[in-house]
Amino acid sequence: MSRARTARRIAAGAAYGGGGLGLVGVAAVGLVLAEVQFAKRTVGSGLPDPPRADGLYGGGFHGGGLEPGPLRLAMMGDSTAAGLGVHRARQTPGALLASGLAAVAERPVELRNVALSGAMSDDLDRQAGLLLDGDAPPPDICVIMIGANDVTRRMPPTQSVRHLTSAVRRLRLAGTEVVVGTCPDLGTIEPVYQPLRWLARRVSRQLAAAQTIGAVSLGARTISMGDLLGPEFAANPREMFGPDSYHPSAEGYATAAMAILPTVCAALSLWPESDRLEVARDEDMLPVAKAASAAAGQAGTEVTPARGPWALLKHRRRRRVPSEDATPTHPPATLTHSQDP
């Protein structure tokens, strides 16, 4: 069965309350997940809690007068969204995106990160509530990075997509733009060996494609995490991954943020590139399921809603995030995170 067809079945099951659908043979999936769980015994353990990076970025853009207040950026998801594995707040993906967004918009950015290490998609409703249920205005944009723990802990893919789309729907109804970083490629985990590596990759990509179908149907944009966004990770794993060979290093998070930033800015109509297709960059308009399948197979690919059942497949030019002003002006107290990846 093609990846696009499988993704459609998963997304349809999530939308209409179907049960879990087998991605590959049950025995094969069990073998893959057993291998991944064995690999994970050494990842995430011993790492300190992710540094808290909430606060105001780009404060120097305040000029007084009647200009609008800060843009509100939120982060949701698991350890990758939280920034597990780095030691400084400015190295987390949220801080990097906030600094980059402030530089592009020439406007301060208020970051709030409610991601939790070890979270699965069933925690997204709680996280969305933290952002939406208080007196503060909703975020202008929210980046969600989720999926790896769903695969390794055997959450049925239809259930995983159902939780994601529910959170996306809540955010969209509140007026928040949403960018989803889809399930990363678990076939890149070094302790997972062939022939199981290709099975882990297949399971991950099928979930990523189904996540894209569900999110795009609600007006969100997605960007494929794949092998954590780009050939740089495959070419330089010792530099891009941290000491546990699972979570990104500071350089790895910076590379990922460079790939996500254009999509975040485009969602807010701040990016100089339009949503018009650039054939020279292998961009296309495809049925959503085919676009989702193609994106899952090529890291760093954006899928954005178009008209009807169609979506744009975009390969935006990356922009290096600024290194200056990457520390919040008023960071909050440290919160406790679990130590699962």
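Strand 5 and strand 6 (residues 221-223) are paired in the parallel sense through three bridges, where pairing requires that DSSP finds at least two bridges between two strands, and where helices (H or I, at least four residues) and strands (E, at least two) are DSSP runs numbered from the N terminus. Within this pairing, Gly181 has Ile223 of strand 6 as its bridge partner. The model is a predicted one, in which local features need pLDDT of at least 70 and side-chain atom pairs count only at pLDDT 80 or more, whereas totals for chains, interfaces and linings use all residues. Residues are numbered from 1 along each chain as its sequence is written, and side-chain values use heavy atoms, with hydrogens and water left out.

Strand 5 is also joined to strand 4 by five bridges, and these two strands run parallel; here Ile144 has Val180 in strand 5 as its bridge partner. Because four of the five residues of strand 5 (residues 177-181) are buried, this strand is largely enclosed by the rest of the structure. Buried means under 20% relative accessible area, exposed means over 50%, and partly exposed lies in between (1.4 Å probe, protein chains only).

Helix 12 (residues 288-296) is likewise mostly covered, with seven of its nine residues buried. The buried residues of helix 12 include Val288, Ala289, Ala291 and Ala292, and Ser293, Ala295 and Ala296 are buried too.

A search of the whole structure finds zero disulfides, a disulfide being a pair of cysteine sulfur atoms within 2.5 Å.

Turning to charged contacts, side chains of opposite charge can pair when their charged atoms come close. With a salt bridge defined as a side-chain nitrogen of Lys or Arg within 4 Å of a carboxyl oxygen of Asp or Glu, the count comes to eleven. The table gives some of them.

| Salt bridge | Closest N and O atoms |
|---|---|
| Asp140 and Arg72 | 3.4 Å |
| Arg170 and Asp125 | 2.9 Å |
| Arg170 and Asp133 | 3.1 Å |

Asp140 forms a salt bridge with Arg72, and this pair links distant parts of the chain, since Asp140 is in the loop between helix 5 (124-132) and strand 4 (141-145) while Arg72 is in strand 2 (residues 71-77), 68 residues apart. Asp140 is partly exposed, with a relative accessible area of 21%, and Arg72 is partly exposed as well, at 29%.

Arg170 forms a salt bridge with Asp125, and that pair links distant parts of the chain, with Arg170 in helix 7 (residues 157-173) and Asp125 in helix 5, 45 residues apart. Arg170 counts as partly exposed at 24% relative accessibility, as does Asp125 at 43%.

Arg170 also forms a salt bridge with Asp133; Arg170 lies in helix 7 and Asp133 in the loop between helix 5 and strand 4, so the pair ties together parts that are 37 residues apart in sequence. Asp133 is exposed, with a relative accessible area of 57%. Through salt bridges that share partners, Asp125, Asp133 and Arg170 are joined into one network.
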